[in-house]
Amino acid sequence: MTAPAAYQVTHLDALEAESIFVMREVVAEMERPVLLFSGGKDSIVMLRLAQKAFAPAHIPFPVMHVDTGHNFPEVLEYRDRRVAELGLHLVVASVPEALASGLVRESADGMRNRIQTPVLLEAVEKHRFDALFGGARRDEEKARAKERMFSFRDEFGQWDPKNQRPELWALYNGRHHPGESIRVFPLSNWTELDVWHYIARERIELPSIYYAHEREVVERDGMLYAVNEFLPARAGEERFKAQVRYRTVGDASCTAAVRSDADTVEKVIEEVAATRITERGATRGDDRVSEAAMEDRKREGYF
Amino acid sequence: MTIETLAPGGAEDGRLSGPAGPEGRPMDLLRFATAGSVDDGKSTLIGRLLYDTKSLFTDQLAAVEAVSAARGDEYTNLALLTDGLRAEREQGITIDVAYRYFATPRRKFIIADTPGHIQYTRNMVTGASTADLALILVDARKGLVEQSRRHAFLCSLLRVPHLVLCVNKMDLVDYSQEVFEQIADEFTAFAAKLDVPDLTVVPISALKGDNIVTRSENMPWYEGPALLHHLERVHIASDRNLVDVRFPVQYVIRPQSTRVTDYRGYAGQVASGVLKPGDEVMVLPSGFTSRIHSVETADGPVAEAFPPMSVTVRLTDEIDISRGDLICRPNNAPAVAQDIEAMVCWMDETRPLQVGGRYAIKHTTRAARAIVRGLHYRLDINTLHRDESAGELRLNEIGRVRLRTTVPLLADEYRRNRTTGGFVIIDEATNRTVGAGMIVEAA
């Protein structure tokens, strides 16, 4: 039987339907899910998908922000406003508090990327979360290209890439023993461009730093870093003003901006479609540590 | 939160439909699995598809080139693009299915790239389970090898609707029509013994770019399309089953709110068929009948729902329905069955499947436990010989198994419905996924 053309869906509809399916599976099968919400574009899209998956009911789980203490004020403001609008419960896992209590120690280079992991794991244990929605995508990074939609973590939060559960059809195995957990990545099959097309289609508001603006920056390792209280200019570095935007939003001490005139979502889509450098390659100091920097962090329990 | 507080404007508001392809056609999505070993030039082919569609980024390429050079590779080893795990780089092997993405103005593509050697069957079955199309590579100099036949068999077992055989390295056989046709004929004859609904054979050179994006001038005798042209245009819309209404209930939405009262919606993804308001439906396993009141999404009600849409169905009657139940039509229902005959691919390296073994089953949104009542035969996937004396299935072995389940499954034959015909087997002690099943018969 030949299907009429009307029974076709666009790739964005197919991706949306898959992500909604995954979120509903988690809520139906797991005891205490939580959504990792950083105020970054991927977690914002996840939140929209969660709204859609359970409408007209409320989103049936809390959100958690692993707060390194190095935040962009625009992003923190967005986080609090969005959480209030949706009536969500926000759990903040705070790196500064963990530093004060001695759970973690500041690393020599001052980057807080790696020390987020124990803070995240402590919060998971304290709240007994058994499923954590993360906004990671497989197109982002090569270690993530091998991630499952449902990624099993042992009681230490560790990922074992050589020992993953096969994932067939849409049959996701979220079974686990007490203390173990599942990281769930509903955006696994989305690319950066898909995310931006969806933001445009759904008219999703983002923190302003995703769009072009003028900012005082320094150039370091070939990337543009905003000068702020967490990232002072080093001796010999020249501070200058540039038209920039952020392609990713992470810890303010290791996330760089890119030169850009894209001040609307349509212009960002054009820019992303034309760019020849990956978003993490262009903007993340934390991934430049080594070839396997992401895998090593993920093994320890990182997102 | 209510529907109103979602996107400003819903479907009627003419929301932007996303990227549009040629003639304003919206892009759709094609998932394909690739099979072959490094020697067949699979990585080169994928690298070329990514590169030529501008989906390969300069920093990725530079990183791969640097690692290749440091290892003393003679050429840029594009396998390193996704063989990103430490163990893979150290041992020069691919461990697991890697997913890669590219798009053209017509289509978005998801590649499930399955490694050729290690855990071959397990990975290939996993990659093929969701694929619309499978791409098998052979080296024109070597012709069909055992592995090519194995790939073709697994694709037919998993009911991948479209198969493409790429005869690669045509540049190394002087672009010989004779060599190509001999391989194509041999493969076509083999595929005829299998259940392969659609087969296309393309002569290519991934390294030189012949017949990848554009038709090659080196093979004027070849009248078919270039590979990318075929991938962009292969008709997948009618692969979906739009006849048998199957809606496995995932989750019951009941808002606990003073603003929305008496709401009860059944959330799920349409497995097959078309659901419309007013349709008479039957709910399994209870057998109660009702009518569809409405089919809803967060963007508002829709006139009909079909695969792969995720929707919420509301019925006109109050019936007790929970997760794992299935909505179908009274005159077209799946079997409600506890005795299941299935082809099973075993995926556990630690313990084999044995008659008498007890396992957990996940089938659509339904959970059950099962006992293995019988193993009819183990299939040699190279010769298709059936070994009826086999007493167990080990890792990467496939056999026909009889199961008895604790609760009825709402099941169709896998060849008729990949969603309601497939299940996974889970070890209850370790919680690992240890097998994949394709239902042959359910009673």
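Among contacts in chain B between residues at least 6 apart in sequence, 69% link residues at least 24 apart; two residues are in contact when their C-beta atoms, placed from the backbone, lie within 7 Å. This is a predicted model, in which local features need pLDDT of at least 70 and side-chain atom pairs count only at pLDDT 80 or more, while totals for chains, interfaces and linings use all residues. Residues are numbered from 1 along each chain as its sequence is written, and chains are lettered from A and ligands numbered from 1 in the order in which they are written.

Chain B has seven helices and 23 strands, taken as DSSP runs numbered from the N terminus (helices H or I, at least four residues; strands E, at least two). Of its 443 residues, 47% count as buried, that is, with 20 or more other C-beta atoms within 10 Å of their own, all placed from the backbone.

Chain A is assigned domain 1 (10–193 + 292–299) and domain 2 (208–286), with bounds from an automatic or database domain assignment. The C-alpha centres of these two domains of chain A are 24 Å apart. Their contact draws 19 residues from domain 1 and 15 residues from domain 2. On the domain 1 side, α3 (73–86) and α6 of chain A each supply at least two residues.

Between the chains, 60 residues of chain A and 70 residues of chain B take part in the contact. The elements of chain A giving two or more residues to its side are α1 (11–29), α2 (41–54) and α6 (192–202). Of these, α1(A) gives the most, with 10 residues.

Note on methods:
A residue is buried if 20 or more other C-beta atoms lie within 10 Å of its own, exposed if 12 or fewer, and partly exposed in between; C-beta atoms are placed from the backbone.
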